[in-house]
Amino acid sequence: MRKTTILLSFLLVFSTCKNAEKNTKETTEATKQEFAIIIHGGAGTILKKNMSEEMESAYKQKLEEAIRVGYNILKNGGSSLDAVTKTINIMEDSPLFNAGKGAVFTHEGTNEHDASIMDGKTLNAGASAGTTTVKNPIDLARAVMDKSPHVMLSGKGADAFAEEQNLQIVDPNYFYTERRFKSLQNIKDKEKTELDHDTKVSFYDETIKDSKFGTVGCAALDKNGNLAAGTSTGGMTNKRWGRIGDSPIIGAGTYANNNTCAVSSTGWGEYFIRGMVAYDISALMEYKGLSLKAASKEVIQNKLTNLGGTGGIVAIDKNGNMVAEFNTAGMYRAIMNDKGELVIGIYSN
């Protein structure tokens, strides 16, 4: 009798454990996103008191336009790579952001673009730096990944490769915007260097209200479970000597791995390079088992901040969890989940 009671108790406990395991699994699967997308349009001293209603509305409208392009691609079964590319195209074509059309000026009065993209499934990647005639630098980064044996091309060689790939080439004057040119003149007059996302060496300018409008990026998860990330930028105002920031550096500005997450960075590039910020988040998840939220917070709020760097990231993990982490006053950002729910943010609160 005693043996029978013990056996029945064992079976009851075993059954309860199995049901609990099943319920936990079902809960996890039920909360998993089939697909999702997150974008940024730069991070920095973005304060509501310095933003007119018209300008705030313009940024929100463009962020929504961009993310809905990627969302529709994902919803219709398209790849995360296509969603990232096409979403960034929208922001590159807008003078609001420091990428493509809205790129800032170098010390010499030119516009030099950097971009990168990475496939989380294959770990293949492509990047370009210092281009001056390619209308959409993220398209060039994609072409380098898909149609060359290399990861990064730069300068005139990258421009030449873009022409060979029949990408849209424009006259450098296409990238001229009066606001960006005035920023260059102001910074030259004050003999200071404006870092794209930093306030420590910035200057007060009525046209930009001490706000740093920057780098654009996107991270996405598609219905096939593949992650991708991409980043595009015009760099920093008054940059010299062919300076290249983190945006085209795989592991610093962009990283994607189906086993962990996809990340796009925006901020003071030199520090993101030193900290290998995008990859570091993935590594903390892979080697220490941290969640995307915990890993992102550790890297941005502790490691990057302790280095002296400012900026942020947007990221998505293999389950569709999304994070926008930054240590600045604001970051232009938007997210959409598989239910079509849209959230747009600008300020830290």
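The model is a predicted one, and residues are numbered from 1 along the chain.

Aromatic rings are a friendly place to start. The count of aromatic pairs comes to ten. In one of them, the ring centres of Tyr59 and Tyr332 are 4.2 Å apart and the planes meet at 10 degrees; because planes under 30 degrees apart count as stacked, this pair is stacked. The two partners come from distant parts of the chain, with Tyr59 in helix α2 (residues 53-75) and Tyr332 in strand β11 (residues 330-336), 273 residues apart. Tyr59 is buried, at a relative accessible area of 0%, and Tyr332 is buried with a value of 0%. Together with Phe97, Tyr59 and Tyr332 make up one aromatic cluster.

A pair with another geometry is formed by Phe105 and Phe181, whose rings are 5.4 Å apart from centre to centre, with 75 degrees between the planes, an edge-to-face arrangement. This pair also links distant parts of the chain: Phe105 belongs to the loop between α3 (80-92) and β2 (113-119), while Phe181 is in helix α6 (residues 178-189), 76 residues apart. Phe105 is buried, at 3% relative accessibility, whereas Phe181 is partly exposed, at 28%.

Some rings have a charged partner. The charged end of Lys101 sits over the ring of Tyr174, at 4.8 Å from the ring centre. Over the face of Tyr271 lies Arg274, 4.8 Å from the centre of the ring.

Next comes helix α9, which covers residues 292-307. Its 16 residues reach 21 Å from the first C-alpha to the last, close to the 22 Å expected at 1.5 Å a residue. At Val299, α9 bends by about 30 degrees. The buried residues of α9 are Leu292, Ala295, Ser296, Val299, Ile300 and Leu304. An α-helix has 3.6 residues a turn, so residues three or four places apart point the same way. The elements that the buried residues of α9 pack against are β8 (261-267), α7 (269-275), α8 (277-288), β9 (311-317) and β10 (322-326). After α9 comes Gly308, with a positive phi near 105 degrees.

The side chains of Lys303 and Asp280 meet at 3.1 Å, N to O. Lys303 is partly exposed, at 35% relative accessibility, and Asp280 is buried, at 16%.

In total, the structure holds ten salt bridges. One of them joins Lys135 to Asp93, with the closest N and O atoms 2.9 Å apart. Lys135 is in the loop between β3 (125-131) and α4 (137-147), and Asp93 is in the loop between α3 and β2, 42 residues apart. Lys135 counts as buried, at 13% relative accessibility, while Asp93 is partly exposed, at 34%. Glu270 and Arg243 also form a salt bridge, at 2.9 Å from N to O. Here Glu270 is in helix α7 and Arg243 in the loop between β6 (227-233) and β7 (254-256), 27 residues apart. Glu270 is partly exposed, at 22%, and Arg243 is buried, at 16% relative accessibility. Finally, Lys48, Glu56 and Lys60 are linked in a network of salt bridges.

How values were computed. This is a predicted model: local features need pLDDT of at least 70, side-chain atom pairs count only at pLDDT 80 or more; totals for chains, interfaces and linings use all residues. Side-chain values use heavy atoms; hydrogens and water are left out. Rings of Phe, Tyr and Trp (its six-membered ring) pair if their centres lie within 6.5 Å; planes under 30 degrees apart count as stacked, over 60 as edge-to-face and the rest as tilted. Helices (H or I, at least four residues) and strands (E, at least two) are DSSP runs, numbered from the N terminus. Buried means under 20% relative accessible area, exposed over 50%, partly exposed in between (1.4 Å probe, protein chains only). A charge sits over a ring if NZ of Lys or CZ of Arg is within 6 Å of the ring centre and within 35 degrees of the ring normal. The expected span of a helix is 1.5 Å times one less than its number of residues. The bend at a residue is the angle between axes fitted to the seven residues ending there and the seven starting there. Contact means heavy atoms within 4.5 Å. A salt bridge is a side-chain nitrogen of Lys or Arg within 4 Å of a carboxyl oxygen of Asp or Glu.
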